[in-house]
Amino acid sequence: MDKIYNDFFGDFGGRYVAEVLRPALDELQDEWVDAMNSKDFRSELDLMLTRFAGRPTPLMYAENATRVLGGAKVFIKLEGLSNTGAHKINNVLGQALLAKRMGKRRIIAETGAGQHGVATASVCAKLGLECTVYMGEVDIKRQRPNVFWMELYGAKVVPVSGGQATLKDAVNEALRDWAGSFKDTHYLLGSALGPSPYPDMVREFQSVIGKEVQREIEQQKLDVEALVACVGGGSNAIGFFHPFIDTENPRLIGAEAGGKGKGVGEHASRMSGEGKLGIVHGYKSLFLLDEDGQVQPTHSISAGLDYPGIGPQLANLGIKGRVEFTRVMDSEALEAVQFFAKHEGLVFALEPAHAGAAAMKLAGELPQDKSIIVNMSGRGEKDLFILARSLDRQKWYSFLRSEVKGNEK
Amino acid sequence: MKNRIMAHMVAFYPSREKSLETARALIDGGCTYLEVQFPFSDPTADGPYIQEACKQALEKGFKISGGFELIGDIRTFSNIPIFIMCYANTIFYYGIEQFLECCVSGQVQGLIVPDLPVDYDEGLFEKSECRGLEPVPVIAQSTKPDRLDMILKGRSEFVYAAIRKGITGSFTDIGEENIQFLTKVDSFGKKILAGFGISEKHQIEAISSWIHAAVVGTAFIKEIIHSGKASIYNVIKKKIQSLI
Ligand SMILES: Cc1ncc(COP(=O)(O)O)c(C=O)c1O
């Protein structure tokens, strides 16, 4: 697939938006395609990716983990080392520079885990853009540290109480803002979903992950059996997989949130679960829907995977069998965080911990001369409160109590 | 001349029975058209009042089948032309053809589905027209001239014009920009249903020479919220009478 703008991927994708938003998306498509053909734009973006985001990120051989797992060599792509702690910044830099080029002065964004919001707030501070981030009230509670960072960068964080008060509702609210503000505002969507051209645009900006990995594979002559990524909306996965989509190998594996179980509202597995064809948030894809087409509640321990839909290109690749999907439970993700912390000195964010858990299972089943690469899309500092509460409850709570008491004096 | 109103209501808000009462009040109060919104979990084109109404309606057990039954109940006492407003997923997931068949049986006149625009409509326009239903395209002030041509060259008798940027519910001051827009749309010879932010008679009067009917929705929901102990029938009927 060489075209950068596709609109549809098989049955999935499209631009199902009310007419008010149409001019904004039409303009975005034209301006983005134009920018991608501009040498100046690309070199400005490359420079920012290097000097501000800290690219390229390392591909690390997880030697200890490999030994313990006793199978294929495990490599980890350390996206979490980029500025602001996750892959999100690749897309944010691309879109923010594009917004500047289009003469927009204000940026709006949705965020779930807060990583996309933090990256957006940071880049807006750097580029001198006004920034408003919509975030569900439930997510604000579980990812409080990221709210603090966004506000420190000067962004306005608007709590969203509608619906389930999570990521999908933050998307709704951002779309509503944009419908009235697009003249001077760019909606910086954080995953490879939404109405076209977002799925194409976000993939292209995230494909830097896969391109770096591809170079390393060639240089180190690795025999790679599989690439493993977590899939919320799908931006880290599609960017990581991108250079390999049209080849037969390696296997491409997406880890979805298995949550607490298979019941309604207990997980967010669209591909390895029961996603149904629908049209939500401006695109056609597989969503978790009830029998009347209402969007169902979801759950994941990781706010970033807690979303009822999947990006259209990944849905298509899943249906075609090019990408395999697997579900990883909350508890397995927590185990993976501890495993890689102890053996590799790395704290995975809870989202990529799902990919880590899937890789742990797979590595043991493969021979030692094969390699698998896990995308650690983010690092885990943002999850301190969730991890500490889950793993070391008593000490953590007594610390919190003493912190509150100490400050009241 | 009296103002024509397309009165918007959310099926099953604030409950099934009270939404039937709302419909009765709107009809008795003199609306020309009834627009019945089928609630959706993610109403991206709606402001806070309609969002909340949709959320409550779903909690009250709204189902698509129940929506059509409600319309059936309205039909027992009125022949008012009814339009269903819903989001793409409601009709798409149900099956467009099946949904349209239910519209035909329920003597629904037409459909307003904002996120199925003419070029991403999943066949809605053609499939509706061949069943004698009116699919109503929605246009906005921001719609570019060539696109306006493309949308309005279709056969539809009506066009729904959103006269403010953004979403439903906030107040629209009728100004020069609105008038220019309506004049342009009027040249296509369609019946213009103009809405988004209309709650007062003076707004309707400012645009009444360009439009066929004014769409009023959020204003009625506010009446329901503030009705307290008063009967919903009375407050709604009084409100619509004040607009006509
Ligand atoms: C670190 C990290 N990884 C993954 C995701 C999931 O998003 P996506 O599937 O778009 O990569 C998020 C979302 O917030 C995230 O913060």
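Reader: Which residue stands opposite Val228(A) in S10(A)?
Author: Ile253(A). The model is predicted, with pLDDT of at least 70 needed for local features and 80 or more for side-chain atom pairs, while totals for chains, interfaces and linings use all residues. Residues count from 1 along each chain as written, chains are lettered from A and ligands numbered from 1 in the order written, and side-chain values use heavy atoms, without hydrogens and water.

Reader: Why are strand S9 and strand S10 of chain A called paired?
Author: Pairing requires that DSSP finds at least two bridges between two strands (DSSP E runs of at least two residues). S9(A), residues 224-230, and S10(A), residues 251-259, share five bridges in the parallel sense, so they count as paired.

Reader: Why is the meeting of Asp42(B) and Lys168(A) called a salt bridge?
Author: A salt bridge needs a side-chain nitrogen of Lys or Arg within 4 Å of a carboxyl oxygen of Asp or Glu. The N to O distance here is 2.9 Å, so the pair qualifies. Four salt bridges are counted between chain B and chain A.

Reader: What is the area buried between chain B and chain A?
Author: About 3000 Å², that is, accessible area (1.4 Å probe) lost on putting the two together, summed over both. Carbon and sulfur atoms give 53%. On the chain B side, Asp42(B), Tyr93(B) and Tyr120(B) lose the most, together 23% of what that side buries.

Terms used:
Helices (H or I, at least four residues) and strands (E, at least two) are DSSP runs, numbered from the N terminus.
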